[in-house]
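Subject: Structure handover and findings

Hello,

Here is the structure we talked about. The findings follow below it, grouped by topic.

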Protein chains: 2
Amino acid sequence: MNQTLNVALGERSYPIHIGCGVLTDAELVLPHLKQKNAVVVTNMTVAPLYLDALRSTLEKGGVSVLPVILPDGERYKTWETLNLIFDALLGAHCERNTTLIALGGGVIGDMGGFAAACYQRGMPFIQVPTTLLSLVDSSVGGKTAINHPLGKNMIGAFYQPKLVLADLSTLDTLPDRELQAGLAEVIKYGLIRDPDFFIWLESNIDKLLARDKTALAYAVHRSCSNKAEVVAADERESGERALLNLGHTFGHAIETGMGYGVWLHGEAVAAGTLIAAELSFRLGWLSAETVQRIEKLFIQAGLPVQGPALGAARYLELMSHDKKVQDGKLRLVLLKEIGKAVMSDEAGKELIRAAIEARCT
Amino acid sequence: MNQTLNVALGERSYPIHIGCGVLTDAELVLPHLKQKNAVVVTNMTVAPLYLDALRSTLEKGGVSVLPVILPDGERYKTWETLNLIFDALLGAHCERNTTLIALGGGVIGDMGGFAAACYQRGMPFIQVPTTLLSLVDSSVGGKTAINHPLGKNMIGAFYQPKLVLADLSTLDTLPDRELQAGLAEVIKYGLIRDPDFFIWLESNIDKLLARDKTALAYAVHRSCSNKAEVVAADERESGERALLNLGHTFGHAIETGMGYGVWLHGEAVAAGTLIAAELSFRLGWLSAETVQRIEKLFIQAGLPVQGPALGAARYLELMSHDKKVQDGKLRLVLLKEIGKAVMSDEAGKELIRAAIEARCT
């Protein structure tokens with residue numbers, strides 16, 4: 001049974017279709033193509049699994065398909081790989097009205113979306129996420145980017161897709177480690193704005209890990225609902241949307257500091273969220289019991305609750321590139337309680353340093 | 001006497017201040033800065049002429065300035081040079097609210113604007129054009145881009161500046177060849193939508209070439225008025241804005257085919273406009289006398305009215321990457337009369353080929 005959510009952004013509004021098999025449902029995708037040409041950007045891992053299915057769905061509808069198959073992994077989210085997409089688009093004479101379809105996880109979605117934003121100053125774009133993380137988070141909301149050696153997602157665009165096809169069947173082939181990484185972003189929604197969902201997750205995390213389809217469908221839908229609401233209220237992150245970055249300032253420092261791809265994004269966000277919880281505790285906002293409760297859920301989800309020992313000074317240097325820094329001051333997403341996040345610059349450097357040292361040994 | 005035009009784009013509206021000395025008028029620029037930091041992107045030719053003046057204006061207002069000095073020329077409008085800007089921005093810990101000021105001609109404006117569009121998914125941006133071409137055309141309207149080996153301006157963004165400081169004094173240092181190249185875009189406004197301006201240009205082209213300040217001020221103001229009106233009506237080029245590309249499909253083919261920077265953009269647009277006029281004549285839309293009248297003005301302006309002999313087949317291949325190609329069909333901006341341009345796909349390949357052969361020998 002498919003479900004449809006709408007991301008309400010005026011003329012940039014779009015549907016998210018969630019269900020098993022939406023990837024091969026021609027009626028969902030064909031009406032969104034402006035012409036009978038599409039480019040499918042995917043990677044070497046996903047292509048053998050889902051490219052043929054998507055391709056034949058499109059071709060049966062009379063659409064000619066150009067596949068662009070990139071290497072897999074966060075370390076390829078670079079200019080060099082992005083240029084491979086542009087080379088392919090220009091080599092095949094793709095037009096401004098050709099649609100770019102990103103088939104893959106967060107890296108493919110971010111990079112495909114950024115390529116679509118820039119090619120001829122903007123071509124239509126469809127997200128087909130194939131990981132839990134991209135299903136619940138990165139495919140929705142129009143944030144696209146590539147990494148820079150000095151910072152993650154530093155170069156990009158806000159560029160909304162025309163459509164998201166969130167096919168739960170793709171989770172069947174997802175490695176356990178990737179599934180667990182996706183749960184970090186699922187738990188995030190509970191922590192920042194949906195306490196009932198957090199409680200539901202405490203009771204149902206085992207079902208999610210066992211890939212129970214009903215539980216997964218519920219978690220994906222509820223996560224996307226949360227994301228869609230936040231994005232509709234604050235598309236360009238001038239306010240509430242920044243709360244979606246709980247754990248991400250620390251997490252990006254881990255990803256950049258360890259070398260892109262060593263820690264999965266979700267793993268880094270998990271450890272980062274625990275550092276943020278630790279800091280919230282040290283500010284007197286969370287009780288020790290609440291921090292333990294959060295930690296317990298992440299552990300049950302198979303996620304790290306300690307960051308790597310890069311040293312607090314290195315964390316702070318890496319975090320100084322964060323997009324939320326304002327007038328030289330680091331602003332962090334912290335927790336007042338489970339279900340309530342705030343943006344704050346109240347924590348001084350010493351307190352931040354202490355929280356990092358406590359959680360990254 | 002300064003004049004101010006407004007580009008009416010709702011919440012993205014911005015002023016264009018035209019006059020002598022606006023570059024050093026702190027009151028015009030300081031209120032637009034969100035924080036007391038600015039990055040000035042310029043090149044090795046312009047930096048010795050105007051960087052100190054702009055810098056001290058900003059520094060007297062308490063703004064700290066990071067200059068980024070790039071090599072000069074169209075052939076540097078590439079990923080590699082763009083990355084030099086990102087490296088500098090990240091190296092200096094520039095924030096999302098830091099303002100990027102592009103001080104230079106079209107290449108600096110296009111590349112600085114694209115860097116601003118992408119850095120942390122968008123930072124504030126100010127245009128300070130220092131060539132006639134950028135004063136009357138490229139600094140207004142928010143088109144930013146870099147080139148790809150297969151096509152000019154293929155990768156970019158629509159990204160509006162907060163402000164344009166159009167300082168006519170900068171024309172004092174402009175080489176004659178660059179001044180003439182800028183006139184191609186000035187004449188364009190007359191041809192596509194402002195027949196009275198075309199007549200004015202026929203009488204005043206010598207004054208412009210002699211750098212008469214009153215004449216230049218009038219031509220810049222009238223060009224920017226035309227551009228601002230078109231952009232306000234059609235920001236993303238879904239209709240009328242495409243008419244601003246008169247001569248550009250042929251012109252971009254010349255620039256790409258000859259190697260970026262061999263022909264100046266305005267020179268290529270001049271030759272391209274004559275090919276478009278030739279084609280309009282062959283379609284029976286323009287009389288031979290009108291084509292001659294157009295040719296005469298371009299010749300008086302010191303501009304080429306013949307394209308290089310790349311061969312019609314090469315022109316057509318280069319033009320097949322044009323952003324206006326739709327469903328495999330080339331759409332061209334052609335002339336119905338002086339002051340009236342249309343977008344048309346009526347000219348078949350053979351007619352286009354004949355026009356190219358007649359004008360590129």
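First, a definition: a residue is buried if 20 or more other C-beta atoms lie within 10 Å of its own, exposed if 12 or fewer, and partly exposed in between, with C-beta atoms placed from the backbone. By that rule B:Gly247 counts as buried, with 29 C-beta neighbours inside 10 Å.

Some ground rules. This is a predicted model: local features need pLDDT of at least 70, side-chain atom pairs count only at pLDDT 80 or more, and totals for chains, interfaces and linings use all residues. Residues are numbered from 1 along each chain as its sequence is written, and chains are lettered from A and ligands numbered from 1 in the order in which they are written.

**B:Gly247**

B:Gly247 sits in the loop between H8 and helix H9 (248-258) of chain B. Helices (H or I, at least four residues) and strands (E, at least two) are DSSP runs, numbered from the N terminus. Leaving aside neighbours within four places in sequence, B:Gly247 is in contact with B:Lys188, B:Val269, B:Gly272, B:Thr273 and B:Ala276. Contact means that the C-beta atoms of two residues, placed from the backbone, lie within 7 Å. B:Leu334 is 87 residues from B:Gly247 in sequence, yet the two C-alpha atoms are 8.3 Å apart.

**The two chains**

A rotation of 180 degrees, with 0.0 Å of shift along its axis, superposes chain A on chain B at an RMSD of 0.0 Å. That is the relation of a two-fold axis. Within chain A, A:Trp79 comes closest to the rotation axis, with its C-alpha at 4.0 Å. Both copies use the same surface: 100% of the contact residues of chain A recur in chain B.

The interface brings 29 residues of chain A into contact with 29 residues of chain B. On the chain A side, helix H3 (79-91), helix H4 (106-118), strand E7 (143-148) and E8 each supply at least two residues. E8(A) gives the most, with 6 residues. By class, that side has 13 nonpolar, 11 polar and 5 charged residues. Here Ala, Val, Leu, Ile, Met, Phe, Trp, Tyr, Cys and Pro count as nonpolar, Asp, Glu, Lys and Arg as charged, and the others, Gly among them, as polar.

**Domains of chain A**

Chain A divides into domain 1 (3-173) and domain 2 (176-209 + 235-359). The bounds come from an automatic or database domain assignment. The C-alpha centres of the two domains of chain A lie 27 Å apart. Their contact takes 18 residues from domain 1 of chain A and 17 residues from domain 2 of chain A. Helix H5 (132-138) and strand E8 (151-158) of chain A each supply at least two residues of the domain 1 side. That side divides into 8 nonpolar, 5 polar and 5 charged residues.

H6(B) has 18 residues, which should span 26 Å at 1.5 Å a residue; its end C-alpha atoms are 27 Å apart, which agrees. The expected span is 1.5 Å times one less than the number of residues. In H6(B), 14 of the 18 residues are buried, so this helix is largely enclosed by the rest of the structure.

Helix H7 (residues 195-209) of chain B has 15 residues and reaches 20 Å from first C-alpha to last, close to the 21 Å expected. H7(B) bends by about 60 degrees at B:Ser203. The bend is the angle between axes fitted to the seven residues ending there and the seven starting there. Buried in H7(B) are B:Phe197, B:Phe198, B:Leu201, B:Ile205 and B:Leu208. They pack against helix H6 (176-193), helix H8 (213-233) and helix H11 (288-300) of chain B.

A:Gln120 is not a glycine, but has a positive phi of about 50 degrees. A:Gln120 lies in the loop between H4 and strand E6 (125-129) of chain A and counts as buried, with 24 C-beta neighbours inside 10 Å. A:Asp327 also has a positive phi, near 50 degrees. A:Asp327 is exposed, with 12 other C-beta atoms within 10 Å.

Best regards

Key:
Copies are superposed by least squares on the C-alpha atoms of residues with pLDDT of at least 70 in both.
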